[in-house]
Amino acid sequence: MDCLFCRIIRGEIPSKKVHEDAETFAFEDINPQAPTHVLIIPKKHMVGLREATAQDADIIGKCHLVAAEIARKRDIENGYRTVLNVGPGAGQSVFHLHLHLLGGRSLAWPPG
Ligand code: AMP
Ligand code: ZN
(Lines give C-alpha, C1' and ligand atoms only; values in the text may rest on other atoms or scores of the structure.)
(Ligands and ions follow the chains in the order given, each with its own letter.)
Protein backbone atom coordinates (compact mmCIF):
# COMPACT_ATOMS: atom_id res chain seq x y z
CA MET A 1 0.00 0.00 0.00
CA ASP A 2 1.39 3.38 -1.01
CA CYS A 3 0.79 5.02 2.35
CA LEU A 4 3.41 6.86 4.42
CA PHE A 5 2.80 4.87 7.58
CA CYS A 6 2.53 1.51 5.76
CA ARG A 7 5.94 2.33 4.28
CA ILE A 8 7.32 3.13 7.75
CA ILE A 9 6.05 -0.25 9.04
CA ARG A 10 7.81 -1.98 6.13
CA GLY A 11 11.04 -0.08 6.87
CA GLU A 12 11.02 1.66 3.48
CA ILE A 13 11.04 5.02 5.27
CA PRO A 14 13.23 5.27 8.37
CA SER A 15 11.66 5.88 11.77
CA LYS A 16 12.72 5.77 15.40
CA LYS A 17 10.91 2.62 16.48
CA VAL A 18 9.59 2.54 20.04
CA HIS A 19 7.58 -0.69 20.02
CA GLU A 20 6.53 -3.45 17.65
CA ASP A 21 4.36 -6.53 18.04
CA ALA A 22 2.30 -8.67 15.70
CA GLU A 23 -0.47 -6.10 15.34
CA THR A 24 0.98 -2.68 16.19
CA PHE A 25 3.99 -0.47 15.51
CA ALA A 26 5.03 2.64 17.45
CA PHE A 27 7.58 5.29 16.57
CA GLU A 28 8.70 8.80 17.50
CA ASP A 29 6.74 11.63 15.88
CA ILE A 30 9.03 13.54 13.50
CA ASN A 31 7.69 16.89 14.78
CA PRO A 32 7.27 16.30 18.52
CA GLN A 33 4.80 18.48 20.43
CA ALA A 34 5.92 17.23 23.86
CA PRO A 35 9.00 15.50 25.36
CA THR A 36 7.20 12.22 24.66
CA HIS A 37 5.33 12.23 21.36
CA VAL A 38 4.93 8.72 20.00
CA LEU A 39 2.58 7.49 17.29
CA ILE A 40 1.00 4.05 17.75
CA ILE A 41 -0.45 2.54 14.61
CA PRO A 42 -2.14 -0.70 13.55
CA LYS A 43 -0.01 -2.72 11.13
CA LYS A 44 -3.18 -3.31 9.13
CA HIS A 45 -3.95 -0.22 7.05
CA MET A 46 -7.04 1.58 8.22
CA VAL A 47 -7.91 5.15 7.33
CA GLY A 48 -9.08 6.49 10.66
CA LEU A 49 -11.68 6.31 13.40
CA ARG A 50 -14.39 7.78 11.20
CA GLU A 51 -14.08 4.82 8.84
CA ALA A 52 -13.66 2.18 11.57
CA THR A 53 -16.16 -0.64 12.03
CA ALA A 54 -16.93 -3.09 14.83
CA GLN A 55 -14.23 -5.40 13.42
CA ASP A 56 -11.63 -2.78 14.29
CA ALA A 57 -12.53 -2.53 17.98
CA ASP A 58 -9.81 -4.86 19.22
CA ILE A 59 -6.97 -3.20 17.33
CA ILE A 60 -8.06 0.30 18.33
CA GLY A 61 -8.17 -0.84 21.95
CA LYS A 62 -4.77 -2.52 21.57
CA CYS A 63 -3.21 0.74 20.34
CA HIS A 64 -4.38 2.43 23.55
CA LEU A 65 -2.92 -0.34 25.73
CA VAL A 66 0.40 -0.03 23.89
CA ALA A 67 0.31 3.73 24.62
CA ALA A 68 -0.27 3.02 28.31
CA GLU A 69 2.65 0.58 28.34
CA ILE A 70 4.99 3.11 26.72
CA ALA A 71 3.83 5.77 29.24
CA ARG A 72 4.58 3.37 32.10
CA LYS A 73 8.05 2.60 30.77
CA ARG A 74 8.83 6.31 30.27
CA ASP A 75 7.58 7.22 33.74
CA ILE A 76 5.14 9.87 32.49
CA GLU A 77 2.15 8.40 34.30
CA ASN A 78 1.56 11.60 36.27
CA GLY A 79 -0.27 12.80 33.17
CA TYR A 80 -0.28 11.98 29.52
CA ARG A 81 -2.75 12.20 26.68
CA THR A 82 -3.79 9.84 23.89
CA VAL A 83 -5.29 11.57 20.87
CA LEU A 84 -6.89 10.51 17.61
CA ASN A 85 -7.24 13.43 15.22
CA VAL A 86 -10.25 12.44 13.15
CA GLY A 87 -10.75 14.12 9.79
CA PRO A 88 -9.11 17.16 8.18
CA GLY A 89 -11.01 19.60 10.40
CA ALA A 90 -9.28 18.11 13.45
CA GLY A 91 -5.87 18.18 11.79
CA GLN A 92 -5.67 14.60 10.51
CA SER A 93 -2.97 14.77 7.87
CA VAL A 94 -2.02 11.10 7.48
CA PHE A 95 -4.85 8.75 6.55
CA HIS A 96 -3.55 5.65 8.30
CA LEU A 97 -5.08 5.56 11.79
CA HIS A 98 -2.53 6.70 14.39
CA LEU A 99 -2.83 7.28 18.10
CA HIS A 100 -0.73 10.14 19.46
CA LEU A 101 0.83 9.62 22.89
CA LEU A 102 1.83 12.98 24.37
CA GLY A 103 3.45 13.49 27.75
CA GLY A 104 6.42 14.64 29.76
CA ARG A 105 5.04 18.15 30.26
CA SER A 106 1.86 19.64 31.69
CA LEU A 107 -1.01 19.44 29.21
CA ALA A 108 -3.68 22.13 29.08
CA TRP A 109 -7.39 21.45 28.66
CA PRO A 110 -9.20 22.03 26.36
CA PRO A 111 -6.67 21.31 23.61
CA GLY A 112 -6.48 23.77 20.74
P1 AMP B 1 -2.13 13.94 12.29
O2 AMP B 1 -1.97 15.41 12.12
O3 AMP B 1 -2.96 13.53 13.49
O4 AMP B 1 -2.54 13.23 11.02
O5 AMP B 1 -0.69 13.42 12.68
C6 AMP B 1 0.27 13.07 11.74
C7 AMP B 1 1.55 13.06 12.50
O8 AMP B 1 2.51 12.34 11.77
C9 AMP B 1 2.12 14.46 12.75
O10 AMP B 1 2.27 14.67 14.14
C11 AMP B 1 3.47 14.41 12.01
O12 AMP B 1 4.48 15.13 12.69
C13 AMP B 1 3.75 12.93 11.96
N14 AMP B 1 4.61 12.49 10.87
C15 AMP B 1 4.48 12.80 9.55
N16 AMP B 1 5.44 12.18 8.84
C17 AMP B 1 6.19 11.47 9.72
C18 AMP B 1 7.33 10.63 9.60
N19 AMP B 1 7.92 10.37 8.42
N20 AMP B 1 7.84 10.08 10.72
C21 AMP B 1 7.27 10.32 11.93
N22 AMP B 1 6.19 11.09 12.11
C23 AMP B 1 5.66 11.67 11.02
ZN1 ZN C 1 -1.23 2.68 5.69
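A pocket is defined, on a 1 Å grid over the protein atoms alone, as an open set of points where a 1.4 Å probe fits, with protein on both sides within 12 Å along at least five of seven lines. A molecule is taken to sit in a pocket if more than half of its atoms lie within 2 Å of the grid points of that pocket. By these criteria, ligand 1 sits in the largest pocket.

The structure is a predicted model, in which local features need pLDDT of at least 70 and side-chain atom pairs count only at pLDDT 80 or more, while totals for chains, interfaces and linings use all residues. Residues are numbered from 1 along each chain as its sequence is written, chains are lettered from A and ligands numbered from 1 in the order in which they are written, and side-chain values use heavy atoms, with hydrogens and water left out.

The chain has two helices and five strands, where helices (H or I, at least four residues) and strands (E, at least two) are DSSP runs numbered from the N terminus. From the N terminus on, the order of the elements is α-β-β-β-α-β-β. The radius of gyration, taken over C-alpha atoms, is 13 Å, which agrees with the value near 13 Å for a compact globule of 112 residues under the rule of 2.2 Å times the number of residues to the power 0.38. Along the principal axes, the C-alpha atoms fill a box of roughly 35 × 30 × 25 Å.

Ligand 1 is surrounded by 16 residues, the closest being Asp29, Gly91, Ser93, His98 and His100; a residue counts as near if one of its heavy atoms lies within 4 Å. Taken alone, ligand 1 exposes 500 Å², of which the protein buries 83% (Shrake-Rupley method, 1.4 Å probe). The elements giving two or more residues to the shell are α1 (4–9) and β2 (24–28), and α1 gives the most, with three.

Two backbone features were also noted. A cis peptide bond, with omega about 0 degrees, joins Trp109 and Pro110, and Pro110 is found in the segment after β5 (99–103). Asp75, although not a glycine, has a positive phi of about 60 degrees; Asp75 is placed in the loop between α2 (57–73) and β4 (80–83).

Note on methods. On a 1 Å grid over the protein atoms alone, a cavity is a set of points where a 1.4 Å probe fits but cannot get out, and a pocket is an open set with protein on both sides within 12 Å along at least five of seven lines; lining residues have an atom within 4 Å of a point.
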